[in-house]
Amino acid sequence: MENIVFPQGFLWGAATAAFQVEGATAVDGRTDSIWDVFCRQPGKVVGGDCGEPAADHYRRFEQDVALMAELGLKAYRFSIAWPRVRPDGGAVNQAGLDFYKRLADTLLAHDIVPWPTLYHWDLPQKLEDAGGWTARDTAFRFADYAASAVEALGDRIGTWTTLNEPWCSAFLGYASGVHAPGRTDPRAAVAAVHHLLLGHGLAADTIRAASPDAKVGITLNMYPIIPVDPRSTADLDVARRLDGLQQRIFLDPLLRGEYPEDVLADLEPFGFSEHIRDGDLGVISAPMDMLGVNYYTEHYVSSSPNGSADAASPWVGVESASFPRRDAPRTDMDWEVRPDGLTAVLLRLHHDYPRLPLYITENGAAFRDDFSGNGAIDDVDRTGYLASHLRAAHTAIRAGVDLRGYFCWSLLDNFEWAEGYAKRFGIVHVDYDTQVRTPKMSARWFARVARDNALVAVS
């Protein structure tokens with residue numbers, strides 16, 4: 001392997017999310033999130049799984065932080081559970097805040113940077129009952145929650161992420177219904193888009209007011225949208241529409257202070273513009289200090305029907321689209337392995353939008369773990385996936401992209417949303433019966449990468 005060295009000070013970390021790892025869903029005052037309720041609905045989650053006990057991180061965080069230190073990780077991207085901090089979206093719960101104080105203090109004692117995300121999809125169910133993200137008021141309740149978190153943790157935290165992947169929250173949660181809260185209403189989905197972005201802007205202002213030196217950003221999941229036939233007007237139009245819904249509906253208001261005209265036109269039948277009030281875009285587009293990029297694969301799209309017209313789609317306003325299979329390696333999630341797409345995403349941000357520091361806040365893969373005879377877990381496929389994507393990230397750096405860090409998804413095997421515990425993304429194996437942690441080959445390899453600040457051969 002060529003000598004690939006990352007810039008000095010490059011931040012190496014791993015990521016998790018509260019509902020996926022914490023467990024303890026009814027402990028110390030925590031109340032139901034939309035995911036707790038969603039999991040109780042038959043057929044919504046593979047195996048009828050739920051967030052209890054997940055990886056029991058709430059009780060075992062000290063062990064997990066020690067493991068991160070052993071692996072030489074410099075940062076831990078975790079999410080704060082809104083239903084712990086302000087149960088039911090109401091008054092502050094000190095016990096919930098105290099957990100995150102203990103977590104942050106333990107990380108700092110091990111020289112690991114705490115890197116929290118305020119919202120990773122676990123809206124308090126009581127707020128969903130009042131309309132959820134379709135209600136404008138939820139954006140203001142999010143700002144209240146952000147204020148509580150920053151007041152308690154601002155002396156320990158230097159960088160805050162407001163939202164994780166608002167595309168998933170809006171379109172998977174409210175349009176296709178495959179994620180919580182499980183609604184299938186396109187009008188609700190587009191309302192959720194705007195209110196999520198408004199919540200981001202309000203929370204960012206709140207964070208800066210309480211902690212002026214803090215850095216604030218958001219994390220978006222970004223994927224190249226590639227038409228099957230670039231000579232086909234229909235395929236090009238579907239790719240444009242999907243790109244508008246996946247990327248530009250978030251990037252343009254955040255970084256340019258406006259929604260794309262074509263997206264506004266596409267979503268006019270669903271009442272999108274009705275939710276935009278004077279001053280909203282100024283709040284949404286307040287300057288950010290960083291942008292997080294989550295990347296897993298590409299979308300290869302055709303205008304041909306997908307053959308499942310009865311299924312609700314996340315692609316609001318797109319009447320006919322399918323995603324043909326290509327001859328490419330695939331993960332256990334059936335996602336194509338396309339590392340070049342990561343380079344393309346980073347270069348697009350670099351060339352097409354106002355420049356700001358970028359971090360890869362999630363990148364990883366689910367594969368079936370291979371247990372060797374001596375108890376080791378030789379996850380060669382996952383290790384190769386990470387290596388290929390780090391090469392792709394370095395290609396973008398050489399081209400001038402201001403990429404400052406990489407968080408592997410995920411530190412631990414965990415609850416994988418609608419897939420339950422059937423898919424494993426972790427670089428550390430979790431035995432869900434015993435909660436024993438076993439670092440996989442990928443973890444040991446990633447530890448060497450972090451130590452050397454350079455890509456090392458997969459062996």
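In this predicted model, Asp 266 has a relative accessible area of 15% and is therefore buried. Its salt-bridge partner is Arg 241, with nitrogen and oxygen separated by 3.5 Å. Because Asp 266 belongs to helix α11 (residues 261-267) and Arg 241 to helix α10 (residues 233-256), this pair ties together parts that are 25 residues apart in sequence. Arg 241, at a relative accessible area of 23%, is partly exposed. Both residues also take part in a network of salt bridges that links Asp 237, Arg 240, Arg 241, Asp 243, Arg 248, Asp 262, Asp 266 and Arg 348.

Side chains of opposite charge can pair when their charged atoms come close. In total, 42 salt bridges were counted in the structure. One of them joins Arg 141 to Asp 144, whose closest N and O atoms are 2.8 Å apart. These two residues lie three positions apart in helix α7 (residues 137-153), so about one helical turn separates them. Arg 141 is partly exposed, with a relative accessibility of 24%, and Asp 144 is likewise partly exposed, at 30%. A further salt bridge is formed by Asp 229 and Arg 231, with 3.3 Å between the closest N and O atoms. Here Asp 229 is partly exposed, at 24%, whereas Arg 231 is exposed, at 75% relative accessibility.

Aromatic side chains were examined next. The structure contains 39 aromatic pairs. Among them, Phe 19 and Trp 417 are stacked, with ring centres 6.2 Å apart and an angle of 15 degrees between the planes. Phe 19 is located in helix α1 (residues 18-21) and Trp 417 in the loop between β11 (403-409) and β12 (428-430), so their contact ties together parts that are 398 residues apart in sequence. Phe 19 is buried, at 4% relative accessibility, and Trp 417 is buried as well, at 3%. Both belong to one aromatic cluster, which also includes Trp 35, Phe 38, Trp 121, Phe 415, Tyr 421 and Tyr 432.

The pair of Trp 167 and Phe 171 is tilted, because its planes meet at 45 degrees, with the ring centres 6.0 Å apart. Both residues lie in helix α8 (residues 166-174), where a spacing of four residues corresponds to about one turn. Trp 167 is buried at 7% relative accessibility, and Phe 171 is buried at 0%.

Charged side chains were also found over aromatic rings. Arg 256 lies over the face of Tyr 353, 4.2 Å from the ring centre. The charged end of Arg 326 is placed over the ring of Tyr 300, at 4.2 Å from its centre.

Definitions and conventions: Residues numbered from 1 in each chain as written. Predicted model: local features only at pLDDT ≥ 70, side-chain atom pairs only at ≥ 80, totals over all residues. Heavy atoms only, no water. Phe/Tyr/Trp six-rings, centres within 6.5 Å; stacked < 30°, edge-to-face > 60°. Buried < 20%, exposed > 50% of the residue type's maximum accessible area, 1.4 Å probe, protein only. Lys NZ or Arg CZ within 6 Å of the ring centre and 35° of its normal. Salt bridge = Lys/Arg side-chain N within 4 Å of Asp/Glu carboxyl O.
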